[in-house]
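Biologist: Thanks for sitting down with me. Could you bring up the model so that we can go through its contacts and its backbone together?

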Amino acid sequence: MLALYHTMVMARALERRVWWLNRTRQSEATLRGAGSEAVQVAAAAILRPGTDWVVPGHRDLALCLAMGLSPLDVMLAVFGRSGDPTSGGRLAPAGFSSRRARIVGTSTGSGAHVVHAAGIAYASKVQGLDEVTLVSVGRPATSAGDWHEGLNFAAVHRLPLICLVVNDAAYGGAPLEQSGADLLVRSAYGYGVAGEIVDGADFNDAFKALTGAVTRARSGGGPTLLHARVSDLSAINPPGSRTPREQLGALGDNDPIALMRRDLQSLLLLDEITDDRIQRDCASVAEAAVGQARSSASPKPAAALDNVFGELGDA
Amino acid sequence: MPEMRMIEAVRAAMAEEMERDSRVLVLGEDVGPKGGVFGATDGLYARFGEARVLDTPLAESAIIGVAIGAALNGLIPIAEIQFADFIHPAFDQIVSEAARTRYRSNGDWSVPMVIRAPFGGGVHGGLYHSQSIEAFYAHVPGLKVVVPSLPSDAHGLLKSAIRDPDPVLFLEHKKIYRMVTEEVPAGEHLVPIGPAAVRRPGTRLSCFAWGLMTHYCLEAAGQLGAEGIAVEVVDLRTLAPLDRDTVLDSVRRTGKAMVVHEDNLTGGFGAEVSAIISEHAFDDLDGPVVRVAGPDIPAMPFNSPQEDFFMPNPQKIADAMRKLAAY
């Protein structure tokens with residue numbers, strides 16, 4: 001649990017560092033996952049890195065770190081360097097990818113990847129592989145057609161799939177309400193799958209729900225729709241946030257890192273000295289990753305022509 | 001060397017590859033017990049089972065998206081789109097996802113998969129069972145587009161497509177499914193993706209076509225041959241990647257070029273062929289590059305007079321050939 005706490009702090013440190021780089025015009029990138037780290041590391045705690053599959057959304061930095069991405073990997077993407085394992089600097093950093101870690105990169109995170117996750121899970125099932133796939137989306141993506149098509153396909157074939165929806169009310173450009181239904185999980189009934197609302201800021205609540213979902217998936221019980229409610233703490237940072245100023249203060253009350261710190265302290269697993277060390281260690285690792293990424297090679301212009309097609313025999 | 005129609009050649013290619021490689025599976029609407037709306041997958045369900053011959057919900061984006069996911073996890077899917085007209089809901093999955101997966105991951109991920117789609121008109125299919133869609137997709141880097149016109153090519157090209165490391169859009173003209181019978185080589189028969197085929201050599205002009213139009217061009221060239229005008233007919237077979245060398249070599253020998261397709265004229269793939277010829281063989285041309293194509297109206301009306309008005313046919317093509325030859 002302490003290791004997971006460390007990952008949450010690391011994700012937050014990276015996000016803050018990138019935000020500062022962006023504000024000071026040293027990077028074009030921003031990362032936005034603050035507030036949803038607990039449910040992300042809870043997912044990673046129950047999944048098996050390198051065996052189970054993760055198809056992340058655009059806010060799943062903590063999840064990707066916990067599944068095997070390194071802080072340097074993240075910063076290589078942020079600076080668009082050739083060593084970026086996600087895309088070699090081709091994708092604007094948001095979603096992450098690594099075949100080694102079975103993290104499948106996405107395009108826009110607006111729902112197209114839900115059907116890919118269903119396909120991955122179908123392949124696991126028909127090949128008799130003991131694998132679970134978790135796909136993560138923001139609430140607006142549940143309005144997209146691919147959300148429906150992916151969930152419907154997974155339901156028809158009782159696939160080992162977990163659809164994790166992270167409530168994303170402050171998502172830029174999207175209306176706050178995405179459907180006429182008052183609760184997203186009611187749609188699980190319509191698809192014939194299990195559904196549950198979880199407190200995405202509370203590691204214990206999220207871990208319990210995800211354990212149930214993964215157990216269901218592994219035992220042939222089919223997909224689960226989990227709706228994790230979180231506060232978008234990234235909204236505190238950027239000027240021009242859509243979150244009303246008077247609401248920003250209250251968001252901090254739902255900070256998953258603060259909540260987990262309190263839990264760890266009550267269990268006597270964390271004291272202030274150790275916490276300080278973790279905070280300083282993560283800030284230092286983030287800074288070192290920035291330095292290393294900055295000094296690493298940029299992609300060569302002509303390398304833009306590479307990897308459009310593969311070689312015969314690759315299939 | 002069995003004789004086959006194109007539909008049987010397509011079916012045989014899939015069955016052979018499924019037998020050879022247990023990673024290959026077929027998915028689409030009604031491809032299972034029904035055997036596909038044209039019968040292309042007839043018998044595969046009984047032979048390979050429901051896990052490998054999968055009836056999907058009526059949702060084209062899911063058919064392609066699920067195929068992408070299955071390919072990411074080690075399978076080689078053949079996704080059937082029942083009619084090419086229905087592929088449009090999957091445009092995003094094909095263009096933004098399948099075609100870009102290798103590129104956007106800098107080679108870390110790839111999606112070896114085939115998308116089969118019956119296309120084309122002249123069968124009273126009306127506006128939503130007649131469309132030609134090749135131009136949309138031949139434009140997309142990361143995607144290969146194959147259009148066979150003969151059973152043996154359909155067989156050998158489809159097997160190559162299944163073994164290709166990248167997504168291949170395989171377009172089968174529905175009117176030639178049962179129109180032509182041909183001997184198809186037995187055993188390991190692979191036709192490489194890319195090279196065009198000169199179907200009829202000639203000296204007076206070069207005519208480039210694919211799918212059904214190859215047959216119509218050959219018929220028209222036969223008429224002109226009887227009049228003493230030797231027309232070369234080149235079946236492109238693969239639109240992406242295009243065999244530029246064969247196109248340019250033919251034009252440099254004949255000095256005149258014509259492209260024939262039933263897709264709409266404007267922005268059709270003929271425009272690309274024409275541009276390549278103009279750019280690289282301008283000094284060899286003795287006349288304008290001519291396009292014979294469907295008019296710029298939605299393809300294509302159900303009723304016979306207007307469907308005939310839309311479709312290029314041997315007579316229209318022969319008339320255009322005579323005019324160009326006399327230029």
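Biologist: Let's start where the chains meet: how many residues does the contact take from chain A and from chain B?

Modeller: Happy to, and keep in mind that this is a predicted model. Counting residues on either side of the contact, chain B gives 36 and chain A gives 37.

Biologist: Which element gives the largest share of the side of chain A that touches chain B?

Modeller: On that side, the elements with two or more residues are α5 and α6 (145-156) of chain A. By class, the side of chain A that touches chain B holds 17 nonpolar, 14 polar and six charged residues. The largest share is 11 residues, and it comes from α5(A).

Biologist: Now to chain B by itself: what distance separates the centres of its domain 1 and domain 2?

Modeller: The domain assignment gives domain 1 as 3-183 and domain 2 as 197-325 in chain B. Taken over C-alpha atoms, the centres of these two domains of chain B are separated by 26 Å.

Biologist: And which elements give two or more residues to the side of domain 1 of chain B that touches domain 2 of chain B?

Modeller: The contact takes 24 residues from domain 2 of chain B and 25 from domain 1 of chain B. The domain 1 side has 11 nonpolar, 10 polar and four charged residues. Its elements with two or more residues are α6 (134-138), β6 (144-146), α7 (151-163) and β7 (168-173) of chain B.

Biologist: On to the backbone: is Arg102(A) buried or exposed?

Modeller: Arg102(A) sits in the loop between α4 (71-78) and α5 (112-126) of chain A. Its phi is positive, about 55°, although Arg102(A) is not a glycine. Because 23 other C-beta atoms lie within 10 Å and 20 or more is the cut-off, Arg102(A) is buried.

Biologist: How many other C-beta atoms lie within 10 Å of Arg237(B)?

Modeller: Arg237(B), in the loop between β11 (231-235) and β12 of chain B, is not a glycine but has a positive phi of about 65°. Arg237(B) is buried, and the number of other C-beta atoms within 10 Å is 26.

Biologist: Last one: what is omega for the cis peptide bond from Ala299(B) to Met300(B)?

Modeller: Most peptide bonds are trans. Another cis bond runs from Ala240(B) to Pro241(B), with omega near 0°. Met300(B) lies in the loop between β14 (290-294) and α11 (304-310) of chain B. For the bond from Ala299(B) to Met300(B), omega is near -20°.

Definitions and conventions:
Residues are numbered from 1 along each chain as its sequence is written. Chains are lettered from A and ligands numbered from 1 in the order in which they are written. This is a predicted model: local features need pLDDT of at least 70, side-chain atom pairs count only at pLDDT 80 or more; totals for chains, interfaces and linings use all residues. Helices (H or I, at least four residues) and strands (E, at least two) are DSSP runs, numbered from the N terminus. A residue is buried if 20 or more other C-beta atoms lie within 10 Å of its own, exposed if 12 or fewer, and partly exposed in between; C-beta atoms are placed from the backbone. Domain bounds come from an automatic or database domain assignment. Two residues are in contact if their C-beta atoms, placed from the backbone, lie within 7 Å. Ala, Val, Leu, Ile, Met, Phe, Trp, Tyr, Cys and Pro count as nonpolar, Asp, Glu, Lys and Arg as charged, and the others, Gly among them, as polar.
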